[in-house]
Amino acid sequence: MDYILQTNQVTKIIGGKKLVSNIDLHVKKGEIYGFLGLNGAGKTSMMKMITNLWKPTAGNIEIFREVLTPKSYEVLKKIGSIIEFPLFYEHMTGRENLQLHCKYMGYSKSGSIEKALDLLNITEAADKPVKSYSLGMKERLGIARAILCEPELLILDEPTNGLDPAGMKQIRELLRKLCAEQGITVMISSHILSEIESIADTVGIIHNGQMMKEISMCDIEEANQNYIELTVTNSQKAASVLAEKLGLANFKAVEDNKFRIYEQTAAPQAVARALVLNDVDIVAIGKHMETLEDYFLKLTGEVENNVRVD
Amino acid sequence: MFELIKLEWKKHRTSKYIRNAVITTAILLVFIVGMAGELAADTTMEAYGRSSINASVDLFVNMCYIVFTGVMLAAFVVGAYEKRTINLMFSYPISRKKILLSKMFAVWIFNFAAMVVSKGVIYAVLLIVNVSGDTIQFMSVSFWLDILIGSAAMVSITYIALLIGVKMKSSKATIITAVIIVCLTQGNIGTYTLKDSLSFYLILLLLSVFSVFLAIYNAETKDVM
C-alpha cells in the first residue's frame, strides 16, 4: 500500500506525562483522513510531530516515504499546515502575511496569492491588518496560507473552529475539491464528528493518547447496522413482548423505555402491531442508521460513562 | 542568510526603528553640544580637560544603543517565542539555527550601523561647532577604528540579555537586563568604574557568545511549546 504519511509506534512523553503512546497511523495518497478524538486525546501532539515541530520520544514518522529527522527541512516545502490556531504577524495585512509565507517557502508563482484569497472569500479584507480580523477570518486566512504553495499534504488541526456553519460547509467543499482536482492528501482533525463524516475517506480514532481504530468510512457504513428505535411507556412489558411474542434476541435497552432492535428481519410495522396487541403503548418508533458519532462513542466507551453519570 | 535578515527587517517594520534612532541621535546631539559648550568655558575646560568630550559622547551613545539593542532583541527574538510566531517560522523549510541567527544578525547589524552613524554625526557636528579642539581626529584611522570596535563590543555584550529573555520568554526581562548592562558597563560609583577594564569586557563578551550559543544549540531538536 502506498502511504504518503505513516507513523510507526510513535510515543511522546513531555514532563513525565505520556501524551500519545505507540501510535500507528496510515494516510493514503490522495485521500481525506479524518483524525478524531476528544479534546486532549492527543490529536495536536501527533500533528505537531508530523510537521516536525515536536520530535517523537520513541517511534518514527515517514512522510513521502522518508523518515522524518530533526533536519528534514525539504519535506516541509510539500506540506501546508495549521496547528492549533493560525499564527500571523498581526500588524501586517493578510496579503503581506501571505507574501511573507511565499518568500519563506521559496515559492514564487505569480497570481497564487490572489487565487488563494479568492478561494477563501477574503479578498476584501486582504489589505487590512490581521489584528482587525475575526477568529473566523483568521481561520480562513490560515487555510489560504496552508494551500498557498501547492502542498502535496495538508495538515489541518481543527481548521473550522471559528467558522459558522456556512463557513464550515464551504471549507469542506473546498477540501473535497482540492482532493479531487489536485490530488492533495488532507489530514484533518476534529472533535466535531459530523464535520468529518461527510468528507473523510478514512478515519483514525484516537482516545487518551492511543489509536483505537483506523477504518475507512465505507467499512464503517457496512459494519454499522440499521436498527429500529422504539420508545414505549412500559419497558418491562415491551421487553417480554419483543423476546417472547416476536422471538427477537438482538435488542437492547439504551435508555429507560427506549430500545434498539438490531435484528435485521424485524420490520417496524410487525413490531408495532405486536406491541399494540399486547397493550404496550408506543411513544415513538422508527428505523435508524448508526452514525459515525455512535461508532465513535461505542469505540471510546464514552457513552457508558455518560449513562452512569446520568 | 542575508535574504532572511532582510525579511526580518521587513516583518518588524524597521523603518519605525530607523525613525526612533534618528530621534535618539538628535536628542543626544542637542544634549552633548550643550554640554560641550559648557565645557568650553575656560574654567571647566581646565578642570576636566578637552578629552572628556569624547568620553561623554561614548558614554551617552553607548547607553542609548545598549537599551535600543535590548528592545530590538526583545521584539525580534524573544517576542517570537512570546507570541509563538516562532512555531510558524519553524514550519518553513529552513534550518532553525539559521532562522534564529538571522533574527540576531538583523538586530546586530542594525544597531552596529546605527551606533557608528550616530557617533560619526555627533563628532562631525562637534567638529563643525569647534568646541573640542583637536581631540577629534576625524581623519585618523585609529579614531574610526576605536568607534568601530567600541560599537561592535557594546552591541555584542547586550546579547547577554538574550539569555535571560529566551529563558524567561519575556520581553520585559530582556529590556530590564539591557538596562542593568548599561549600569554595569557605563556607570560608576564615585570614581570606581568598570568602564575601562578590558578583562571585564572580555568576560561580558564571552557571556554573550555563550548566550547566543545557548539560544540556538539545541533549536533543531527542542520542542517548541
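Which residue in β10(A) does Gly204(A) stand opposite? The points below take up this question and others about the structure, which is a predicted model.

1. **The pair β9 and β10.** Gly204(A) stands opposite Glu214(A), a residue of β10(A). Strand β9 of chain A covers residues 202-207, and six bridges join this strand to β10(A). The two strands run antiparallel.

2. **The six-stranded sheet.** Strands β9 and β10 belong to an open sheet in chain A, whose six strands follow the order β6-β7-β8-β3-β9-β10. The pairing in this sheet is mixed. At its edges are β6 (79-82) and β10 (210-216) of chain A, each of which pairs on one side only. From one strand to the next, the twist averages 15°.

3. **A helix on the sheet.** Which helix packs on this sheet? The helix is α10 of chain A, residues 292-300, and it touches β3 (32-36), β9 and β10 of chain A. The direction of α10 makes about 35° with that of β9(A).

4. **The hairpin of β1 and β2.** In chain A, strand β1 (residues 3-14) pairs with strand β2 (residues 17-28) over eight bridges, in the antiparallel sense. Within this pairing, Val10(A) stands opposite Ile23(A) of β2(A). Two residues lie between the strands of the hairpin, where Gly15(A) takes a positive phi near 55°.

5. **A further partner of β1.** Strand β1(A) also pairs with β4 of chain A (residues 58-63); this pairing is antiparallel and has five bridges. Here Leu5(A) stands opposite Ile63(A) of β4(A).

6. **Domains of chain A.** Chain A is divided into two parts: domain 1 spans 3-221 and domain 2 spans 225-289. How far apart do the C-alpha centres of these domains lie? The distance between the centres is 44 Å.

7. **The largest nonpolar core.** In soluble globular proteins, nonpolar side chains tend to be buried together. The largest nonpolar core in this model has 117 residues. Those touching the most other members are Ala144(A), Leu154(A), Val186(A), Met187(A), Leu73(B) and Leu162(B). Helix α4 of chain B (residues 52-82) gives the most to this core, namely 16 residues.

8. **Contacts of Leu73(B).** Leaving aside residues up to four places away in sequence, Leu73(B) touches several residues of chain B, including Val78(B), Val107(B), Ala161(B) and Leu162(B). Also among the residues touched are Thr158(B), Gly165(B) and Thr174(B).

9. **A separate core.** Another core, of 15 residues, lies apart from the largest one. Its members include Ala238(A), Val241(A), Phe251(A) and Phe259(A).

Notes:
Residues numbered from 1 in each chain as written. Chains lettered and ligands numbered in written order. Predicted model: local features only at pLDDT ≥ 70, side-chain atom pairs only at ≥ 80, totals over all residues. Pairing = 2+ DSSP bridges. Helix = DSSP H or I, 4+ residues; strand = E, 2+ residues; numbered from the N terminus. Axes fitted to C-alpha atoms, helices over the stretch in contact; angles between N-to-C directions. Contact = placed C-beta atoms within 7 Å. Domains from an automatic or database assignment. Core = buried A, V, L, I, M, F, W, Y, C linked by C-beta atoms within 7 Å. Buried ≥ 20, exposed ≤ 12 C-beta atoms within 10 Å, placed from the backbone.
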